[in-house]
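Keep the viewer open as you read.

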Amino acid sequence: TAEPPLTLGEKVVIMGKRKGMVRYIGDTAYGPGEWVGVELEKPTGTHDGGVNGQRYFTCPPKYGVYVQRQGVTRVNSSAAAASQIQSMQRGRKDRQETEFKRAFQSWNALEKAEENQYLSQSVVSSRVESLLRSYSPTSAAMNGSSATSVAAAAGVSTNFADWGSNMAVPDSYTGPHVKWPLTAENVQSVLHHIRTKPDTPLHEKYVCEILGRASQHFQTRMKDSVHDMQVPADEGSKLIICGDTHGQLADFLWVLKQNGEPGPKIAYLMNGDIADRGDYACEIFVIVLLFMLLYPDRVSINRGNHENLEMNRRPAEVGGGFYEEIARKYDAAVFMMFQQLFELLPLATVISKRVLVVHGGLPRREGVLI
């Protein structure tokens, strides 16, 4: 059944957004076809019924608008309702995009401020360290800046194969156990535990063993600071690049749910900044490293600026917090094991010899080699 023609005085919706009353229907000087003059309910129009010397009706200023017939629907029609719903959805989507952009810009500004602060502190620290070493020739021969040297000076083992070997798991422990060689079922049991009981840490022995085996993995595979990785060749395969999880376990678990867990057909590259800020960076590392040890060719980690001793020792309030997290769940020895692992991570990954992935972008200075 054809829709009856519009009549003067009818309530209408314009382009699914603005409501008003029909004040004119017919030809105009504004273009071919049938036009509708509408007096809007709110002053969101552009005129008072007169435009460029032509007037077809009169209304208060900014309440008038002329629209071609196809842009107008009756208020009480199903088409008007559908149009309003679509308009609301578009508006909601626009607001979400705006909020996302604002959040993205805010986080970028925070990252930049933290990075600048860290660089400034590093310059000062380097000057002070050089001055102190000039006064102490014996200390000048020592490399005191690496995590390995700091760990050795603190009595923490630097032999990855030994990590966790001297620890026992008490009978009172109710969490999952990690057994070697690793199996998919074992990894799933740990993943389920972290999903359902994130505030009950995995036993320290297993965390140390995972860190030790992961460190051996990177030490054996990494010949330099750039890692080569391939997109799985099987049909339907994919490689997911995920960065800046910053201890936000719920976000990382959502990524796994949306994209699938690592496996023969799904590869993951974690592009740095797993550590700091959030409360569950350790759990994210455990999940990623277990999948990496289970599927060595399908999972890897780039080093970010927050996989760093100085950054991690800062309080969470100023962008750090990883040391506080590990000290709360384990102890300083485990923290230094993490730091030794961090120094083995690649700075960049080349995917299928075509795409360079690096956490912090390209260096500020030209000619820098990685």
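Start with lysine 329, which is buried, at a relative accessible area of 19%; here buried means under 20% relative accessible area, exposed means over 50%, and partly exposed is in between, using a 1.4 Å probe and protein chains only. Before going on, note that this is a predicted model, where local features need pLDDT of at least 70, side-chain atom pairs count only at pLDDT 80 or more, and totals for chains, interfaces and linings use all residues. Residues are numbered from 1 along each chain as its sequence is written, and side-chain values use heavy atoms, with hydrogens and water left out.

So what does lysine 329 do with its side chain? It makes a polar contact of 2.6 Å with the side chain of glutamate 283, and another of 2.8 Å with the side chain of glutamate 325. (A polar contact is a pair of N or O atoms within 3.5 Å; within protein, one must be able to donate a hydrogen and the other to accept it, and residues adjacent in sequence count only if both atoms are side-chain atoms.) Lysine 329 sits in helix 9, residues 322-329; helices (H or I, at least four residues) and strands (E, at least two) are DSSP runs numbered from the N terminus. Setting aside neighbours within four places in sequence, lysine 329 is in contact, meaning heavy atoms within 4.5 Å, with Pro201, Asp279, Tyr280, Cys282 and Glu283.

Now zoom out. The protein has 10 helices and 13 strands, and buried residues make up 41% of its 370 residues. Of the contacts with a separation of 6 or more, 70% are between residues 24 or more positions apart.

Next, the nonpolar core: a set of buried Ala, Val, Leu, Ile, Met, Phe, Trp, Tyr and Cys residues joined through side-chain atoms within 4.5 Å. The largest one has 59 residues, and those touching the most other members are Leu202, Leu211, Val286, Ile287, Phe322 and Phe338. Helix 7 gives the most to this core, with 12 residues. A second, separate core has 10 residues, including Val36, Val38, Val65 and Val67.

A cavity is a set of points, on a 1 Å grid over the protein atoms alone, where a 1.4 Å probe fits but cannot get out; lining residues have an atom within 4 Å of a point. The largest cavity holds about 40 Å³, a volume being the space filled by probe spheres set on the points, which are joined across faces, edges and corners. Its lining is Phe252, Leu256, Pro262, Tyr268, Met270, Val288, Phe291 and Val299. Helix 6 (249-259), strand 10 (266-271) and helix 7 (281-294) each give two or more residues to that lining.

Finally, some backbone details. The peptide bond from tryptophan 180 to proline 181 is cis, with omega near 0°, and proline 181 lies in the loop between helix 3 (147-153) and helix 4 (184-196). Methionine 15 isn't a glycine, yet has a positive phi of about 50°; methionine 15 is exposed, at 53% relative accessible area.

Terms used. On a 1 Å grid over the protein atoms alone, a cavity is a set of points where a 1.4 Å probe fits but cannot get out, and a pocket is an open set with protein on both sides within 12 Å along at least five of seven lines; lining residues have an atom within 4 Å of a point.
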